[in-house]
Amino acid sequence: MIIAAYNAQDTLARAVSSALAQKISVEVLIIDDASSDDTVRVAQELALAHDNVRLIVSTENGGPSIARNKGLAAAQGDWVAILDADDAFLPGRLQRMIGLARRHEADLVADNLLFFDWQAQALAGRAFRLADDHVQQVSAADFVGHCMTGRSPFDYGQLKPIFHRRFLTARGLQYPPDLRHGEDFAFVLDWLLAGARFMLMGEGFYLFTQRIGSISSDSSGQSRTILNLQSMREHTLGLLARPRIRADRALARLLSKRADAIRDQAIWNRAYSHLRARRPWALLMEMLRDRRSWPMLARHLVRRHRARASAR
């Protein structure tokens with residue numbers, strides 16, 4: 001179990017407790033990413049209280065990819081699970097997922113995500129509507145096709161699979177160290193391109209926490225919902241140069257489509273920031289600068305109108 005933590009003093013104990021509450025024995029690796037709060041102290045107390053909790057402290061903030069790679073290098077179990085420091089597992093998650101992996105001879109398995117409202121301390125829906133007993137295999141094309149930032153109903157790049165460590169070691173897989181956002185997408189796609197068998201289950205056991213000021217952030221303290229879209233787009237375009245992808249025209253088209261979706265999301269983010277702040281002149285200038293924001297603004301206004309109408 002790998003928990004990359006940056007300024008996670010308020011939520012780390014919850015994450016670790018949910019890992020220790022699993023019905024199978026686990027090794028919990030906390031990788032502190034040069035936190036500036038009391039995260040290290042909280043982690044040290046957890047490590048002293050539990051023999052199967054270890055702390056690795058980074059002297060410089062490198063982002064989630066580098067922190068997780070340190071965890072991958074130190075992990076010793078047959079399976080590796082990633083848990084964000086502000087999220088949590090429901091009891092029985094790992095047991096259920098490993099059992100499914102063995103039945104389907106899978107190299108990685110993902111479950112549904114359950115959205116958790118931090119302020120209300122309550123569930124607020126699930127990532128996708130699948131029956132709890134639903135199980136399907138996800139190909140590279142399926143995965144990329146569901147990772148259209150800002151367009152997909154739910155972005156599969158946000159899933160939190162468990163990974164078979166033997167496959168990871170044999171293929172030399174790791175998170176892209178220079179990527180701070182979209183690293184989960186890149187990591188899973190590398191598995192699929194390496195021939196991994198990926199199974200997705202409809203049942204959800206991962207509590208994906210929605211809160212302002214999330215600690216799944218970089219050294220600037222940005223929320224998990226504020227992404228470096230430019231770096232994500234550049235990484236996606238860079239994938240097109242790989243021989244394996246050049247040989248698969250359908251997959252290459254999907255990646256190009258994802259790059260376009262990321263670009264459009266960046267355009268919309270700029271326009272929406274002016275709309276939300278009620279800066280009409282700035283919004284107008286943004287729309288004149290890039291006309292691709294026009295249809296996105298129109299769709300937003302239609303959705304808002306419908307929402308108000310349904311609330312009456």
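How many nonpolar, polar and charged residues are in the lining of the second largest pocket? In this predicted model, the lining has 10 nonpolar residues, together with 3 polar and 3 charged ones.

The second largest pocket has a volume of about 330 Å³, and 16 residues line this space. Those that lie nearest the centre of the pocket are Ser-25, Val-26, Gly-77, Asp-78 and Trp-79. Among the elements of the fold, strand β4 (79-81) and helix α4 (93-104) each supply at least two residues of the lining.

Elsewhere in the description of the fold, an open sheet is built from 3 strands, which follow the order β1-β2-β3 and pair in parallel. The edges of this sheet are formed by β1 and β3, each of which pairs on one side only, and from one strand to the next the twist averages 20°. The residue ranges of the three strands are set out below.

| Strand | Residues |
|---|---|
| β1 | 2-5 |
| β2 | 28-32 |
| β3 | 53-57 |

Between β1 and β2, the parallel pairing extends over 4 bridges, and Ile-2 has Leu-29 in β2 as its bridge partner. Helix α1, which comprises residues 12-20, lies across β1, β2 and β3 and runs at about 160° to β2.

Turning to the aromatic side chains, a search of the whole structure finds 12 aromatic pairs. One of these is formed by Phe-143 and Phe-198, whose ring centres are 6.4 Å apart; the pair is edge-to-face because the ring planes stand at 65°, where an angle over 60 degrees is required for that class. This pair links distant parts of the chain, with Phe-143 in helix α5 (residues 140-145) and Phe-198 in strand β10 (residues 198-210), 55 residues apart.

Technical notes: Residues numbered from 1 in each chain as written. Predicted model: local features only at pLDDT ≥ 70, side-chain atom pairs only at ≥ 80, totals over all residues. Heavy atoms only, no water. 1 Å grid on protein atoms, 1.4 Å probe; cavity = no way out; pocket = protein on both sides within 12 Å on 5 of 7 lines; lining within 4 Å. Points joined across faces, edges and corners; volume = space filled by probe spheres on them. Nonpolar A, V, L, I, M, F, W, Y, C, P; charged D, E, K, R; others polar. Pairing = 2+ DSSP bridges. Axes fitted to C-alpha atoms, helices over the stretch in contact; angles between N-to-C directions. Contact = heavy atoms within 4.5 Å. Phe/Tyr/Trp six-rings, centres within 6.5 Å; stacked < 30°, edge-to-face > 60°.
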